[in-house]
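Trainee: I have a new model open and would like to walk through it with you. Could we take it piece by piece?

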Amino acid sequence: MAPVRSYTNWNSRTTDNEAQKDNQEIAFDKERDKMIIVFDADIFEEKVQDYDKLVASGEKDNILAVTNPAFELFLLLHFENSYEQDILPNEEAIIKNGKEGNQTFIYQLLLGKTGINSKKNSKIGDLAANVDTAISQEKKLNQDIHDCKGKITCNIGSIIESIRNDDGK
């Protein structure tokens with residue numbers, strides 16, 4: 001598996017993008033490969049303007065993986081029947097994603113399934129064994145990152161599936 005690098009503030013670092021691609025520790029084919037930028041769209045619901053401009057700019061040289069409201073949504077999809085049992089009945093609360101204390105609604109749903117802090121406990125990575133379940137269930141959600149305002153949205157499984165199906169040509 002290729003190394004994964006965390007890269008924050010990608011849209012404000014105009015020169016770093018190329019430097020990351022030249023990093024000798026990773027194999028990056030500039031002719032073929034793209035960076036995958038993962039972000040939550042919920043911040044654009046109220047706090048940040050110009051979502052459409054950000055997406056257009058980001059898609060020029062990258063692949064954008066977007067969740068609305070948060071990445072915990074994609075993690076929740078790794079559980080069999082979570083769409084029907086957890087997401088669909090709580091659709092309105094998920095998209096509002098209000099906080100109880102310092103925890104969002106979607107975080108609390110995931111915590112109820114896993115029993116672990118998904119932001120700090122590396123065991124959350126064990127969910128990767130169920131990625132096929134997540135991909136299948138994600139197809140029941142909106143996957144259009146250009147039309148995600150007010151909609152539960154995730155396209156991460158779609159990206160994983162396209163990478164798996166890439167024949168290298």
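Trainee: Which residues does asparagine 97 touch, not counting residues up to four places away in sequence?

Mentor: Asparagine 97 touches Asp42, Pro69, Ala70, Thr104, Phe105 and Ile106, where contact means heavy atoms within 4.5 Å. Before going on, note that this is a predicted model, in which local features need pLDDT of at least 70 and side-chain atom pairs count only at pLDDT 80 or more, while totals for chains, interfaces and linings use all residues. Residues are numbered from 1 along each chain as its sequence is written, and side-chain values use heavy atoms, with hydrogens and water left out.

Trainee: Where is asparagine 97 found, and is asparagine 97 buried or exposed?

Mentor: Asparagine 97 is in the loop between α6 (91–96) and β3 (99–100); helices (H or I, at least four residues) and strands (E, at least two) are DSSP runs, numbered from the N terminus. Asparagine 97 counts as buried because its relative accessibility is 9%, and buried means under 20% relative accessible area, exposed over 50% and partly exposed in between, with a 1.4 Å probe and protein chains only.

Trainee: What does the side chain of asparagine 97 reach?

Mentor: The side chain reaches the backbone nitrogen of isoleucine 106, at 3.0 Å.

Trainee: Which residues are buried in helix α7?

Mentor: Helix α7 covers residues 105–114, and its buried residues are Ile106, Tyr107, Leu109 and Leu110. Seen down the axis of α7, these fall within an arc of 160 degrees, so they line one face of the helix; the arc is that of the directions from the helix axis to the C-beta atoms.

Trainee: What covers that face, and what follows α7?

Mentor: The cover over the buried residues of α7 includes α4, α5 (82–87), α6 and β4 (103–104). After α7 comes glycine 115, which has a positive phi, near 75 degrees.

Trainee: Switching to the sheet, what is the order of its strands?

Mentor: It is an open sheet of 3 strands in the order β1-β2-β5, with mixed pairing, and two strands pair if DSSP finds at least two bridges between them. The edge strands, each pairing on one side only, are β1 (35–40) and β5 (153–154).

Trainee: How many bridges join β2 to β5?

Mentor: There are 2 bridges between β2 (residues 62–68) and β5, and these strands run antiparallel. Asparagine 68 stands opposite threonine 153 in β5.

Trainee: And isoleucine 37, is that residue buried or exposed?

Mentor: Isoleucine 37, which sits in strand β1, is buried, with a relative accessible area of 6%. Isoleucine 37 and valine 66 are 29 residues apart in sequence, and their C-alpha atoms are 8.3 Å apart in space.

Trainee: Which strands does helix α9 lie across?

Mentor: Helix α9 (residues 156–164) lies across β1, β2 and β5, running at about 145 degrees to β2; axes are lines fitted to C-alpha atoms, for helices over the stretch in contact, and angles run from 0 to 180 degrees between N-to-C directions. The buried residues of α9 are Ile156, Gly157 and Ile159, and they pack against β1, β2, α4 (72–76), α8 (131–138) and β5.

Trainee: Last one: how many helices and strands does the chain have?

Mentor: The chain has 9 helices and 5 strands, and buried residues make up 36% of its 169 residues.

Technical notes: Polar contact = N/O pair within 3.5 Å; in protein donor to acceptor, adjacent residues only side chain to side chain.
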